[in-house]
Amino acid sequence: MVRLQSSFRQASSLLLAGVVLVGCAAAQSQRFLPDDPIARVPEVPMLFPSKPQDVDELYDFATNSMHYKTPVPTPSLGINTLGEVPDSSWFTNRDLGHMTREELQRGPRTAGAPVPPFSVVAAKTDGVSPGFRMLDGRGHTFFVKADPPSNPEMATASDVVGSLFFYAIGYNVPQNYIFVTRPEQLQLSAKASITEPSGKKHPMRESDFRKLMDLVPKMSDGRVRLMASLSINGNLMGPHLYRGVRSDDPNDLIPHQQRRDLRGLEVFAAWLNHTDAKSVNSMDAVVGTDADARMVHYLLDFGALFGSDSTIAKDPRHGREFTFPTSHAQLKQVSTFGMDFPDWQTVHYPKDLKAVGNFTAEAFDPILWKENYPNPAFRAMLPADAYWAAKKVMTFTDDDIRALVEEGKFSDPAATDYITKTLIARRNAVGRAWFQHALPVEELRIENNELHFENLAVRYGFAKEPSYRYEWFSFDNQTGGKKVVSGSASTQVPSELANGPKDGYVGCTISADGRPDLSTTAYFHAENGTWRLVGIDRKTNPPSLP
Amino acid sequence: MSLKDSSGGQAVVRVDSRRAKFLAARELLYLLFVFTFLVVSARGARAQGSSEAPDPPPAPPLSRTDDIAAAEKAKAEHLVPQAMPHGEQVFVETEKKAIDPLFAPPNGIGLTLGGLPTGGGFSLGPQYARRDLLRDNLVSDTYVVGSTKLWWRGQTSVEAPSLLDGHLSLRLDAAYEDAASVYFYGEGPNSLRSGKSNFRREFTTPHFETAVHLAGNRVILGYRIGGLLAHVGPGRLSDPTTTVYAGDDVPGLTQQSHFVTGTGFVNLDFRKPGFSNPSGFKLDAENTQFWDKTWHAYSFDLLATQAEYDFTFANGMHALAFRARNETTFVQGNNQVPFYLQPTLGNSDDLRGYDRYRFYGNGSSLVTGEYRWSVAETLEMAIFGDGGNIYQRPGLIGVRDARGDGGIGFRFKNKQATFMRFDVGFSPEGVHLWFVFNPVFGKLPRSF
């Protein structure tokens, strides 16, 4: 959720001034460089012999819980001159609109589900959620998790479907599979070990493993349904934080809390109810060797999406309140002796669909949504970041969503239907909410000296086509100076601009009647008789919050 | 860290309750730990923030790609291993070297908090616990705690909490407890507040308990056999009971006994877990026979029952919770119930608007209602009302001489478990504040 203060205005003007750099702070004389907008961030080899560094979960919780207020707005970085996130070791634009159903459902999964024989090599038990590590018949290592007995299929589906959604959006995720097997097919390795609740590790006996498997819900035919996550390829370097940069990665130049792909992750998390988006649920790995070596940044652990909280159904508070009480709504709960019932306390959950858990689109407000405890990048999100993410959310068609949810392999089609329907409703809520805080015009182009664009709010049925105002100007790429062409109030490129220098720049600021607070400015470069879009600035307006 | 139930030192400990206590205790200490580290962590956050992007390269770029690549190459010249911020390092080291070994030791020597009966004050002491015996199937726990009020207790126990696939538990324990100043106001419902006195109560108790766990621990049946060596004397505060009251008026004041005890118990728990409170019905009942082996004058039976019903609404964020409890003693012939084993009312979990141990009698009845609402995952509030009476014989059960109170409470929670509670009770006898580490509807009270 964005919490924006009056100082946002300052940041907004900075953005409009063109501080939409990819991240390196090189002193520029030119606003647009010849290769703008870049589609991919160049990356140098990761040759530094670094070592893994873990993150203390409690410390992360404590320090971030202290910073629940919105920070002073800072510009969004990690974007090209169009405001888009270029491909990098963090994010890959997957061209969702052209992905086939099979590609969507396959996602990152190239290895295939585990194949027998299965050899269990290590396990842990905390008495609630059993998990173990196993080798399959090909020697691949998988981390295996199970559903809670109270909600069969819930957490395993969440882990698989969630990873596919985040992959389709553009993030790096592990290969997660649902696999069903007979318990006796899981054989203990001679070197298998188990870590008991006391913390003591010792060789695992068959009885230990059977005890572990007793906690796994059984299907009617005695088989068990598990989620197997293929070990990430490469040298694991530990989680990434949602603030600062890694000191051992040459390509990590942008403070994470300013990366648009990490700020915008908040919108995806809200859509999918990924309340557990935190550092500990990420992993950086050095992939490749020599000149190809790169630090790749992964998101992990999607067991707490939708209505799942991994080991139980989702707490209704999750997504609306932080774990530590910090909101006015919570203060109101104290002062009214609990007689104020927030809307999330009265929503309905599908009680008869245990595999769904507590998931609904009722009372879902993408702007008020919260992760379990403050994530620095999420707190720093600006409307422009949210707009970028909302655009991506809206590119998922109903069929795309259904195709991905089907990979949860629910035994009851009603669970698939419910989650699909809910995600569609939440998707629309995301678009409807964030398209009000930016002028959502896209596909900007000049053809035959006429400006063309499409309003996404209109495309998706959230608004009627408004009347627009246009202000054309010539743009000096060296100085950043603008010279407004008077009397140019249509989509036609004014003749004095159309007949200007052969490699000149022009721009047009579009605003909608009735929303003077929002505008989109497009910059075009004349190249070989055509106009190429090289930049977009968006004047946004923050939502007002209770 | 371990945290003992302050309402009774020898509560039946099973797998779940042991873990819950263990985790709750960790939660509490971590909470303190976390707040201690607020300043340090803020510094750490700044330290993390300081590892920002390096200075830009000086040469003007030819392209955006060159520009970025130049910055990356410049950074590549100055890479250092990723390190924890200073604040986090201190936090982790302190946790690893000081907090965990002392307060959350998986095995070995540590510290324990609590463990004394109510009224004992803040208590702390060394503990030696092993949870890893027989591959985590046997737990041994030995501790000694002393309090600010000079009460103390030592206990050793060994327990197999989950035999036969969790269907059987065995426990053997022995304890010595010195409650240096337990209040006594006289017997009966009309005892006067001005009759306040205090006595010293020393209990030495060995127990052996076996229990059968059925239906996924929803049904527990068990029997506990043991002994009680009781000694009562003047309390360490002014107005000792032995001076204020005559021995003839208070059974057991001048004659102490050694008892053999046998307790049969049943626990039925049909509640469903919820997000802040469980919902459903719970019933605990136990009958303890005390055989006086010294004077043969103080043998009696104590039948204690407690029923709890919780109703949740608003997606589990609000709850109405009701509890009814009765303790009745039965004597044969001329036997009497010694005052130091009589049911009492006035405590952090019964009549919260009255002094601790305000009423003594041969029986007690109690009803409690609470309206609870969740403020946050970690905080719940409650408005409560308590009503109860003390009676000298079963025929006097009723509302006659009943006492009532009301109040408000703040509960600090870890999921469903309350690990810390601050209740304020109001009654005609004044305002009472309770800061305790146990749930209000806990186990049946047991003083021995």
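Visitor: Which hand is the crossing of H11(A) and H12(A)?
Guide: Right-handed: that is how H11(A) passes H12(A). Keep in mind that this is a predicted model.

Visitor: At what angle do they cross, and how close do the axes come?
Guide: Roughly 140°, and the axes come within 9 Å. H11(A) covers residues 398-406, and H12(A) covers 413-434.

Visitor: Why call H11(A) and H12(A) oblique?
Guide: Roughly antiparallel needs an angle over 145 degrees. The crossing is at roughly 140°, so the pair counts as oblique.

Visitor: Who makes the contact?
Guide: From H11(A), Asp398(A), Ile401(A), Arg402(A), Val405(A) and Glu406(A). From H12(A), Thr416(A), Ile419(A), Thr420(A), Leu423(A) and Ile424(A).

Visitor: How many are nonpolar, polar and charged?
Guide: The contact of H11(A) with H12(A) has 5 nonpolar, 2 polar and 3 charged residues.

Visitor: Now H7(A) and H10(A). What's the geometry there?
Guide: An angle of about 45°, with the axes 8 Å apart. H7(A) is residues 265-272, and H10(A) is 383-394. These two helices are oblique to each other as well. H7(A) passes H10(A) in a right-handed crossing.

Visitor: Which side chains meet?
Guide: H7(A) brings Val267(A), Phe268(A) and Trp271(A). Facing them in H10(A) are Ala386(A), Ala389(A), Ala390(A) and Val393(A). By class, that contact has 7 nonpolar residues, no polar and no charged.

Visitor: Switching to strands. What's the order in the sheet with E9?
Guide: E8-E9-E10, in chain A. The sheet is open, and its 3 strands pair antiparallel. E8 (235-238) and E10 (294-299) are the edge strands, each pairing on one side only.

Visitor: How much twist?
Guide: It averages 35° from one strand to the next.

Visitor: How many bridges join E9 to E10(A)?
Guide: 6, with E9 spanning residues 282-287. One example: Met283(A) has Tyr298(A) as its bridge partner in E10(A).

Visitor: Last one, Ile312(A). Where does it sit?
Guide: In the loop between E10 and H8 (328-335) of chain A.

Visitor: Is Ile312(A) buried or exposed?
Guide: Buried, because Ile312(A) has 20 C-beta neighbours inside 10 Å.

Visitor: What does Ile312(A) touch, leaving out residues up to four places away in sequence?
Guide: Pro148(A) and Ser150(A). There is also Ala155(A), 157 residues apart from Ile312(A) along the chain. Their C-alpha atoms are separated by 8.4 Å.

Terms used
Residues numbered from 1 in each chain as written. Chains lettered and ligands numbered in written order. Predicted model: local features only at pLDDT ≥ 70, side-chain atom pairs only at ≥ 80, totals over all residues. Axes fitted to C-alpha atoms, helices over the stretch in contact; angles between N-to-C directions. Helix = DSSP H or I, 4+ residues; strand = E, 2+ residues; numbered from the N terminus. Parallel < 35°, antiparallel > 145°, perpendicular 65-115°, else oblique. Left-handed = near helix turned anticlockwise from the far one by under 90°. Contact = placed C-beta atoms within 7 Å. Nonpolar A, V, L, I, M, F, W, Y, C, P; charged D, E, K, R; others polar. Pairing = 2+ DSSP bridges. Buried ≥ 20, exposed ≤ 12 C-beta atoms within 10 Å, placed from the backbone.
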